[in-house]
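Here is a friendly walk through one protein model, written for someone who likes to look at atoms and distances. Please keep the viewer open while you read.

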Amino acid sequence: MEPPDAPARTRGAPRLLLLAVLLAAHPDAQAEVHLSVPPLVEVMRGKSVILNCTPTGAHDHYVLEWFLTDRSGARPRLASAEMQGSELQVTMHDTRGRSPPYQLDSQGSLVLAEAQVGDERDYVCVVRAGAAGTAEATARLNVFAKPEATEVSPNKGTLSVMEDSAQEIATCNSRNGNPVPKITWYRNGQRLEVPVEMNPKGYMTSRTVREASGLLSLTSTLYLRLRKDDRDASFHCAAHYSLPKGRHGRLDSPTFHLTLHYPTEHVQFWLGSPSTPAGWVREGDTVQLLCRGDGSPSPEYTLFRLQDEQEKVLNANFEGNLTLEGVTRGQSGTYGCRVEDYDAADDVQLSKTLELRVAYLDPLELSEGKVLSLPLNSSAVVNCSVHGLPTPALRWTKDSTPLGDGPMLSLSSITFDSNGTYICEASLPTVPVLSRTQNFTLLVQGLPELRAAEIEPKADGSWREGDEVTLICSTRGHPEPKLSWSQLGGSPAEPIPGRQGWVSSSLTLKVTSALSRDGISCEASNPHGNKRHVFHFGTVSPQTSQAGVAVMAVAVSVGLLLLVVAVFYCMRRKGGPGCRRRREKGAPPPGEPELSHSGSERPEQTGLLMGGASGGARGGSGGFRDEC
């Protein structure tokens with residue numbers, strides 16, 4: 001049995017076959033029209049965007065139209081274009097009051113300059129190609145806008161940690177964005193996972209507002225149940241927004257802190273001014289007593305002093321500070337601080353006390369005056385007394401050399417080396433910066449002490465006349481001795497560097513035989529007596545150079561004398577030129593011997609020794625004489 005519609009289908013089959021034959025017989029028949037339109041276009045607000053609509057295939061004539069789908073579902077026509085030959089004739093129909101208006105370019109693409117949030121619509125491109133048919137495609141335009149800087153408005157009031165429910169913390173605003181941003185909250189940099197449902201521990205509420213510009217603003221308010229640990233916590237919020245191509249951005253607000261109210265649990269009371277580890281302060285210093293409770297806001301502090309078990313209130317303030325300027329020993333005692341916090345638990349100790357101990361050191365007193373004069377080889381005891389707190393330690397020194405500890409200084413068998421300045425120093429071991437000193441000068445009276453530099457003889461062990469020598473004498477004593485020499489020329493007495501109390505004088509002279517016999521002395525004298533030292537030189541030899549000159553002079557004189565005698569003798573024997581023998585009156589005739597010759601074996605020696613005197617005698621008797 002055939003179905004009821006079988007005859008109808010049988011009748012329609014020849015028609016379909018005929019249509020296929022006709023289409024095959026006309027090769028110029030056009031194919032169905034298709035469009036290339038991007039389904040989603042994203043753009044930042046204020047930027048220009050182009051919506052492309054391109055028919056596929058070859059069509060000599062077609063009409064392209066752009067429609068806008070509004071919120072009511074209506075599709076007003078914005079623009080159209082008709083292809084005639086190779087050119088596209090553009091006609092704008094309804095710009096919808098947009099500024100700048102919609103435009104079509106030469107390719108039939110819809111151009112939106114300066115995209116706005118109101119441009120977020122579905123845009124429909126329709127192409128009618130006659131026999132090829134009609135095609136349409138929809139492009140969705142999304143416009144993105146980066147929101148303004150995130151703002152946060154914290155709660156400026158004082159929030160109590162004793163509340164059992166969540167309290168408003170802050171409100172965060174992200175304005176003029178598109179699409180609407182998302183707000184998150186952070187504490188100390190960590191994200192807070194709070195629900196949107198109201199509960200005692202914490203939650204947040206949100207409200208979105210569309211501005212006149214079409215942009216969206218989001219407001220989020222955070223509610224939390226606070227703890228004491230939140231007193232130092234840092235809070236902030238962040239707005240997360242979307243960008244084209246699936247990108248995202250984030251804008252963080254400034255951080256803020258909350259003012260919390262929580263009761264005092266602990267109280268501290270201490271000396272804020274410099275003090276020693278043992279807790280002492282110096283008399284005259286400025287002392288600060290500091291009291292702090294850990295409650296918030298800061299409660300009122302009462303500072304007092306305990307005297308005879310009674311509180312004497314000294315100050316009351318919200319800072320917890322008490323300043324004592326120029327503190328004296330009389331201000332030593334017990335001081336206290338009390339925190340006036342009526343929200344504190346009953347078992348919390350709100351009062352604290354401390355002991356203020358003022359260290360002092362009075363000037364030192366010596367049993368002797370500033371100058372102590374004692375005779376040589378005597379003894380003495382000097383006492384140093386002091387009053388201070390804590391108990392001072394005493395120490396004696398001289399020239400930075402420790403002499404002993406304690407108040408008494410014992411001096412025995414005093415010598416001139418004992419002269420000098422003695423210092424008594426008092427110090428407080430527990431207060432290192434507090435100390436005092438007192439000193440006296442010891443003057444030792446006595447007979448001068450004299451020292452002489454020994455004479456160093458020459459290498460051969462003896463002195464010679466004319467040698468130069470420098471003699472030095474040193475002395476000390478009190479009153480200061482006077483140095484003098486047995487000869488003139490001594491230098492003035494001058495202090496010896498590095499030898500306290502000593503003075504010296506020098507004398508430079510030449511050694512003589514008189515010094516060898518008498519010596520030379522230096523003498524030191526003061527009102528207590530004098531001391532004398534004599535320098536001896538021993539044997540002094542003549543100078544070597546003077547003895548040689550004397551011997552040579554004697555030798556030359558003797559030699560000259562012998563030479564004169566020899567010359568005279570020669571001239572007498574042989575007769576020298578210019579000499580003649582003359583017969584004088586009464587002389588014997590020639591050829592007779594002289595009487596003097598007959599009686600002498602050596603007439604030459606006789607005549608020579610007689611000289612002119614004997615010749616003169618004979619002349620009177622008529623003898624001979626020589627003349628030259």
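Let us start with a charged pair: Glu283 and Arg329 meet through their side chains in a salt bridge, with 3.0 Å from N to O. Glu283 sits in the loop between strand 23 (280–282) and strand 24 (287–293), while Arg329 sits in the loop between strand 27 (321–324) and strand 28 (333–340), so this pair ties together parts that are 46 residues apart in sequence. Glu283 is partly exposed, at 31% relative accessible area, and Arg329 is partly exposed too, at 33%. Please keep in mind that this is a predicted model.

**Salt bridges**

Beyond that pair, salt bridges also form a network: through shared partners they join Asp417, Glu449, Arg451 and Arg476. The count for the model comes to 25 salt bridges.

| Pair | N to O distance | Relative accessibility |
|---|---|---|
| Glu283 and Arg329 | 3.0 Å | Glu283 31%, Arg329 33% |
| Arg282 and Asp285 | 3.2 Å | Arg282 31%, Asp285 24% |
| Arg231 and Asp232 | 3.9 Å | Arg231 33%, Asp232 59% |

Is Asp232 buried or exposed? With 59% relative accessibility, Asp232 counts as exposed, because the cut-off for that class is over 50%. In the Arg282 and Asp285 pair, Arg282 is partly exposed at 31%, and Asp285 is partly exposed at 24%. The 3.9 Å between the closest N and O atoms of Arg231 and Asp232 still makes a salt bridge, because the rule asks for a distance within 4 Å.

**A nonpolar patch**

Which residues make the nonpolar surface patch of about 460 Å²? They are Val556, Leu560, Leu563, Val567 and Met571. One of them, Val567, belongs to helix 3, which spans residues 544–574. Val567 has a relative accessible area of 43% and is therefore partly exposed.

**The second largest pocket**

How many of the lining residues are nonpolar, polar and charged? The lining of the second largest pocket divides into four nonpolar, seven polar and five charged residues.

**Backbone features**

Most residues other than glycine have a negative phi, and most peptide bonds are trans. With that in mind, here are some exceptions to look up.

Asn178 and Pro179 are joined by a cis peptide bond with omega of about -5°. Pro179 is in the loop between strand 14 (167–177) and strand 15 (182–187). Another cis peptide bond, also with omega of about -5°, joins His478 and Pro479.

Asn188, in the loop between strand 15 and strand 16 (190–191), has a phi near 55°. Asp399 also has a phi near 55°, a positive value in a residue other than glycine. Asp399 lies in the loop between strand 34 (393–398) and strand 35 (401–405), and at 51% relative accessibility Asp399 counts as exposed.

**Two exposed loop residues**

Pro254 is in the loop between strand 20 (248–252) and strand 21 (259–261), where Pro254 is exposed with a relative accessible area of 53%. From Pro254 to Ser234 the chain runs 20 residues, and their C-alpha atoms are separated by 9.9 Å.

Ser99 lies in the loop between strand 7 (87–92) and strand 8 (103–104). Ser99 is exposed, with a relative accessible area of 65%. Ser99 and Glu114 are 15 residues apart in sequence, with 8.7 Å between their C-alpha atoms.

Note on methods. Residues are numbered from 1 along each chain as its sequence is written. This is a predicted model: local features need pLDDT of at least 70, side-chain atom pairs count only at pLDDT 80 or more; totals for chains, interfaces and linings use all residues. Side-chain values use heavy atoms; hydrogens and water are left out. Buried means under 20% relative accessible area, exposed over 50%, partly exposed in between (1.4 Å probe, protein chains only). Helices (H or I, at least four residues) and strands (E, at least two) are DSSP runs, numbered from the N terminus. Patches are made of residues with over 30% relative accessible area and no salt bridge: like charges are joined within 9 Å, nonpolar side chains (Val, Leu, Ile, Met, Phe, Trp, Tyr) within 5 Å. Accessible areas come from the Shrake-Rupley method with a 1.4 Å probe; for residues, only the protein chains shown count as cover. Ala, Val, Leu, Ile, Met, Phe, Trp, Tyr, Cys and Pro count as nonpolar, Asp, Glu, Lys and Arg as charged, and the others, Gly among them, as polar.
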